[in-house]
Amino acid sequence: MFTSSNFTIFGMHSDTERYSWTAYHLFVFLSSLIGDTLILMASFHKDALKVNKSILTIIQHIAVSDLVNALCRVLPVTISLIANSWVLGVALCYVEGYINYFVYPPGMYLIAFLTTFKFFSSEESSSSSKMVNE
């Protein structure tokens, strides 16, 4: 069985550094889990979020992408930091890389699409308000 320490995986030389990174990753995991779950629950209620339906769909997809990232990337790293070695097996080590390949780029594209959509919708509303004022 292949084992490695956090010194070889993350380049950590002291326990203090490992504890700091563990606390950080626990915070990221818990805030992501709670925040994304709240966003998804609120988005399914009819009047909780008063935004355009397209924007709401994009927000839901971003939340799901972030949940998959938290479960498939942040959680395994947190577990390995707590255990001070990779204890989840070689298969998960390889699969994690492929999952990240399919989670990170769509998340970035969704955020870029949301920003672009908001920009063009704000431009459209400002041009329509100018036409009304004239």
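**Charged side chains and their partners**

Mentor: Leaving aside residues up to four places away in sequence, Asp-36 touches Ser-31, Ala-63, Asp-66 and Leu-67, where contact means heavy atoms within 4.5 Å. This is a predicted model, in which local features need pLDDT of at least 70 and side-chain atom pairs count only at pLDDT 80 or more, while totals for chains, interfaces and linings use all residues. Residues are numbered from 1 along each chain as its sequence is written, and side-chain values use heavy atoms, with hydrogens and water left out.

Trainee: What makes Arg-18 and Asp-15 a salt bridge?

Mentor: The definition asks for a side-chain nitrogen of Lys or Arg within 4 Å of a carboxyl oxygen of Asp or Glu; the closest N and O atoms of Arg-18 and Asp-15 are 3.9 Å apart, so the pair qualifies.

Trainee: Why is Arg-18 called buried?

Mentor: Buried means under 20% relative accessible area, exposed over 50%, and partly exposed in between (1.4 Å probe, protein chains only); Arg-18 has 10% relative accessibility and therefore counts as buried, whereas Asp-15, at 44%, counts as partly exposed.

Trainee: How do you know that Arg-73 forms a salt bridge with Glu-96?

Mentor: Their closest N and O atoms are 2.7 Å apart, which meets the cut-off. Arg-73 lies in helix α3 (residues 53–83) and Glu-96 in helix α4 (residues 89–133), so the pair ties together parts 23 residues apart in sequence; helices here are DSSP runs (H or I, at least four residues), numbered from the N terminus.

Conventions:
Helices (H or I, at least four residues) and strands (E, at least two) are DSSP runs, numbered from the N terminus.
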